[in-house]
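Subject: A structure for you to explore

Hi,

Here is the structure I promised to pass on to you. Please open it beside this message and look for each residue as you read.

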Amino acid sequence: MSLCEDEKKLAANEALKYIKDGMIVGIGTGSTVDYFIEGLGKRVASGLRVKGVSSSLKSSDLARKHGIEILDDFQGMMDIDVDGADQVDEKGNLIKGGGGALLREKIVAYNSRNVCIIVDSKKMAGNDFGSFPLPVEVTPYFASGTVRHIEKLGAECTLRQNGSFVTDNNNLIADCKFGRIKDPETLHSKIREIPGVVEVGLFIGMANEIIVGSGKQARVIKIK
Ligand code: 5RP
């Protein structure tokens, strides 16, 4: 296994320590979360009782395969949300949506008491926050027009897979290269104002802690 995969696994295993009997667990999406699902499945097999709310069809399928009950409808606050990220800045703001699940991921995070982000060390962007193209979910209706408006904010955008990548919500993803993002709050508001934008992959002030797999250990950064 590569160092990066080891780090993802370390972070996922650390997050498993936060999961207690009886919890409702928000489950994110991505390769790091897949390790978390695998580990959670093992704990469920040895008697842990939890229910999951998943942020994607892919994670739901994997969780069910590992014996984790996934609720299709849950209205209330989840005890914890465990999710990955594409980049993390020094304040714990996130770029998400590399897997195209950002809308449901944001809904799950917003409805969770504790948002725990698990990443490998390469995701800690520092001054490079924004070098990962920002994913923005847009309606298929007028998508090219919507993308043109995002570009006016200073980005170069492409529709993922030439517009053939369709999210679980039947929308498209625009990957937007802004370069370094110094003021994520303002950028987030400006993009959100554009009709046709469904959600932006900037998660500002949402994470409670970042667990970083770093070399041979997991480091916990408490944000709030
Ligand atoms: C999916 C996401 C993922 O959390 C993000 O892309 C990180 O994925 P990975 O753990 O595979 O690096 O936001 O929409």
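Predicted model: local features only at pLDDT ≥ 70, side-chain atom pairs only at ≥ 80, totals over all residues.

Residues are numbered from 1 along each chain as its sequence is written, and side-chain values use heavy atoms, with hydrogens and water left out.

**The ligand**

Which residues come nearest to the ligand? They are Ser31, Thr32, Asp86, Gly97 and Lys123, out of 16 residues around it (a residue is near if one of its heavy atoms lies within 4 Å). That shell is made up of two nonpolar, nine polar and five charged residues. Here Ala, Val, Leu, Ile, Met, Phe, Trp, Tyr, Cys and Pro count as nonpolar, Asp, Glu, Lys and Arg as charged, and the others, Gly among them, as polar.

The side chain of Lys96 has an N or O atom 2.9 Å from an oxygen atom of the ligand. From the backbone, an N or O atom of Gly98 is 3.5 Å from a ligand oxygen, and one of Gly100 is 3.4 Å from a ligand oxygen. On its own the ligand has 370 Å² of accessible area, and the protein covers 91% of this (Shrake-Rupley method, 1.4 Å probe; for residues, only the protein chains shown count as cover).

Is Lys123 buried or exposed? Lys123 counts as buried because its relative accessible area is 16% (buried is under 20%, exposed over 50%, partly exposed in between, with a 1.4 Å probe and protein chains only). Leaving out residues up to four places away in sequence, Lys123 touches Thr32, Ala85, Asp86, Gln87 and Val88 (contact means heavy atoms within 4.5 Å).

**The nonpolar cores**

In soluble globular proteins, nonpolar side chains tend to be buried together. The largest nonpolar core here has 25 residues, and Ile19, Ile27, Phe36, Leu40 and Ile118 have the most contacts inside it. (Such a core is a set of buried Ala, Val, Leu, Ile, Met, Phe, Trp, Tyr and Cys residues joined through side-chain atoms within 4.5 Å.) Elements that give two or more residues to this core include helix H1 (3-16), strand E1 (24-27), helix H2 (31-45) and strand E7 (115-120). H2 gives the most, with six residues. Leu40 touches Leu16, Ile19, Ile27, Leu48, Val50 and Ile68, not counting residues up to four places away in sequence. Apart from this core lies another, of 22 residues, with Phe129, Ala143, Cys176 and Leu202 among them.

Val44 is also part of helix H2. With a relative accessible area of 19%, Val44 is buried. Its C-alpha atom is 6.8 Å from that of Ile68, although Val44 and Ile68 are 24 residues apart in sequence.

Just after H3, Gly67 takes a positive phi of about 80 degrees.

Asn162 is in the loop between strand E9 (156-159) and strand E10 (172-177). Asn162 has a positive phi of about 55 degrees although it is not a glycine. With 79% relative accessibility, Asn162 is exposed.

Asn170 lies in the loop between E9 and E10, and its phi is also positive, near 65 degrees. Asn170 counts as exposed at 56% relative accessibility.

Asn171 belongs to the loop between E9 and E10 too, but at 10% relative accessibility it counts as buried. The side chains of Asn171 and Glu137 are joined by a polar contact of 3.0 Å (a pair of N or O atoms within 3.5 Å; within protein, one must be able to donate a hydrogen and the other to accept it, and residues adjacent in sequence count only if both atoms are side-chain atoms).

Enjoy exploring!

Key. Helix = DSSP H or I, 4+ residues; strand = E, 2+ residues; numbered from the N terminus.
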